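Dear colleague,

Please find the structure below, for your records. My findings follow it.

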Amino acid sequence: MTNGKGDSLDAVFRALADASRRELLDRLRAENGQTLNDLCARLAMTRQAVSKHLAILEDANLVATVRRGREKLHYLNPVPIHEIAERWIGKFERGRLQALSDMKKALEERTGE
Amino acid sequence: MSKPQFVYVTYIRTTPEKVWAALTEPQTIKKFWFNITADSDFKPGSPWRLKFEDGRVADTGEILEAVPPKRLVIKWRNEFKPELKAEGWSRCTMEIEMADYYPDFGGKAVKLTITHELEGEGTKFIEAVSAGWPKVMSNLKSLLETGDVAFQEYAS
């Protein structure tokens, strides 16, 4: 869903501009294919809030859903984030950025010990 | 069937027929799939095989369902990495439908949903394909919308 102007990325950025929604994506990244109940059980948010945030993430195509019997399973869909990366990160910079990101991760893990 | 290990969705400003053609024509597959060659006639029951540019076999399997321009289901196993091959058969489902999405494209776009589920236990195969699918899908979207791909080479 978009606002009729701009492009579908507007919806992606709006959806990501909220800490609770980013936390939901983190939860799905840790365990893909969760139901609304699964997600509610592990979060300090009301069921209504989780449900509202999931709808916004689904409209932005950051969450994809699949029905399995009576259950609706939620999956992290990284394709729009990949498209953002592709738009502003040239294919030649990718290797260097990966090296920087690996280094940052390694250094931060060491600091955390 | 177990629940899918991942579900990927992309919206493409094109027609279902063009997405179907791209997913089943070896010369088009090669363009968006990093020079991979697909050997199959994409008919139910037919063998299916992906080969690298140098001729090595990447994956093998069978077409389980083919309903143009809507649904393609492939029985799929990795062949070139022993630890992935050991995890056995998976099932990849590609679904094509029209959906409301881009208002500047008459409010409709093709929604391509790819799910991939492993029949047995294991996580390595799913990790490997989940690293690849977003790149392949982005390339397919670019190819159909702009006539060119985003990534020529597979770089992680």
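The notes below cover a helix contact, the nonpolar core and some backbone features.

This is a predicted model, in which local features need pLDDT of at least 70 and side-chain atom pairs count only at pLDDT 80 or more, while totals for chains, interfaces and linings use all residues. Residues are numbered from 1 along each chain as its sequence is written, with chains lettered from A and ligands numbered from 1 in the order in which they are written.

Helix H5 of chain A (residues 79-88) packs against helix H4 of chain B (residues 124-146) at an angle of about 65°, their axes 10 Å apart. Helices here are DSSP runs of H or I with at least four residues, strands are E runs of at least two, and both are numbered from the N terminus. Axes are lines fitted to C-alpha atoms, for helices over the stretch in contact, and angles run from 0 to 180 degrees between N-to-C directions.

The largest nonpolar core has 43 residues, and Val63(A), Tyr8(B) and Val19(B) have the most contacts inside it. Such a core is a set of buried Ala, Val, Leu, Ile, Met, Phe, Trp, Tyr and Cys residues joined through C-beta atoms within 7 Å. Strand E1 of chain B (residues 6-12) gives the most to this core, with six residues.

Asn61(A), though not a glycine, has a positive phi of about 65°, and it counts as buried because 22 C-beta neighbours lie inside 10 Å. Phe34(B) likewise is not a glycine and has a positive phi, of about 50°; Phe34(B) is partly exposed, with 18 other C-beta atoms within 10 Å. Buried means 20 or more other C-beta atoms within 10 Å of the residue's own, exposed 12 or fewer, and partly exposed in between, with C-beta atoms placed from the backbone.

Yours sincerely
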